[in-house]
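Hello,

Here is the structure we talked about. My notes follow below it.

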Amino acid sequence: MNIEPTSKRRNFLKTTFALGATAFINPLSTVASLPEKADEFAITVGPYLQTNFGNEMTILWLTNKVAAGWVEFGEDINKLDQKAYGKSALGLKAANSKLNCVTINGLLPGKTYYYRIYSKEIKDFQPYKLTYGNTVNSETESFINTDISKKEVSFLMLNDIHDRPKSIPLLLDLDKGNKNDFIFFNGDIFDYQTDEQQIIDHMLKPCVDSFAKQTPFIYVRGNHETRGKFAREFPQYYKHVGHAAFTLGPVRFVIIDTGEDKEDAHPVYAGIVDFDQYRIEQAEWLKQEISSKEFRKAPFRVVLMHIPPRFSGDAHGPKHCTEVFEPLLNAGKVDLVLSGHTHKYMVHQPNKEANHYPLIIGGGPKEGTRTLTKIIVNDRELKISMRDDSGKEVGNYTARRK
């Protein structure tokens, strides 16, 4: 594969499944139920979309009190004639929770779907009597079920926001009006995990307000998301935050959860983490992935991981990432690795003695260091462009198939 750098700077990645469409508001949409009093039952945040593609979409939302929730959807905005619930477990439908997660399966490729979320408050839950309260619903929203056989894929990457929620819409606005298949958050969106309200205020709400009702986002943890008393509850609010792989168009996407950059024995963790073993287990998974037909036959292979497999210092975590992941990335002949963590945007060229692949590292959280990275891929070439928060291109790269 011939890889041609077009600059030492990389361009900022584009926004959403359809960031241009994310501002779409249909005049026929129903009006969402809004609380008249502060303590009245209401939707706290959402809906927001998550997916691994493959003709399914996961819809999540939060209410301020425990409830039973469902989604009504259909292909006609005036006829939401289908209903979906959260996944049943041992015969019990998901209920009695503030957090709702409903996956719609069997969607048609390239089709637009309209949907509305509903929640019915559970006021009293006795062993033999359940008392409901009010029912609330969202406006009618829409999304396009991406055709996984499409010829071109476009997505945006944000990283290292560090509890600065205003940065999310500011950066996404750099790609305003363009359509993207998804948004990727490459870790350290938070400084640490404190509680549910932090997740709502510092990520979910700005995403919902900007794009997430119509365009899905995918998330992998950074090292900062492993910290704090709420770190173990944190993954519940997303479809997944760990390693995963999926194919979309000409790209095989591989996501790696790089864990913490400190050693497991560091005093701040008080003996309750095991990231070294977790990375080793992921390396075994990655070994199987690069041997898979889906990976080997893909025109392009893109890896997304928060801590770069190289060029991020001598701390234990980065060194361990180099040790366990880089030989596999080289053996798999990946076409691109996208990372964050260093807070210094950079385009690292392929190196026959180290990283055989281009390594693109996004910027940091402070004004003037923030970046948006946009990737567009078809079956002939992969283009990366990174912009800083002023809109100036600070890096780009092009990889072409032979």
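E121 and K123 form a salt bridge, with their closest N and O atoms 3.9 Å apart. (A salt bridge here is a side-chain nitrogen of Lys or Arg within 4 Å of a carboxyl oxygen of Asp or Glu.) E121 is buried at 7% relative accessible area, while K123 is exposed at 54%. Buried means under 20% relative accessible area, exposed over 50%, and partly exposed in between, with a 1.4 Å probe and protein chains only.

This is a predicted model: local features need pLDDT of at least 70, side-chain atom pairs count only at pLDDT 80 or more, and totals for chains, interfaces and linings use all residues. Residues are numbered from 1 along each chain as its sequence is written, and side-chain values use heavy atoms, without hydrogens and water.

The structure holds 19 salt bridges. Another one joins D175 to K374, at 3.5 Å between the closest N and O atoms. D175 sits in the loop between α2 (167-172) and β10 (182-186) and K374 in strand β18 (371-378), so the pair ties together parts 199 residues apart in sequence. Both residues are buried. Helices (H or I, at least four residues) and strands (E, at least two) are DSSP runs, numbered from the N terminus.

R301 pairs with D335 in a salt bridge, closest N and O atoms 3.8 Å apart. R301 lies in strand β14 (300-305), and D335 in the loop between α6 (316-331) and β15 (336-339). R301 is buried at 13%, and D335 is buried at 2%.

Finally, R227, E260 and D261 are linked in a network of salt bridges.

Best wishes
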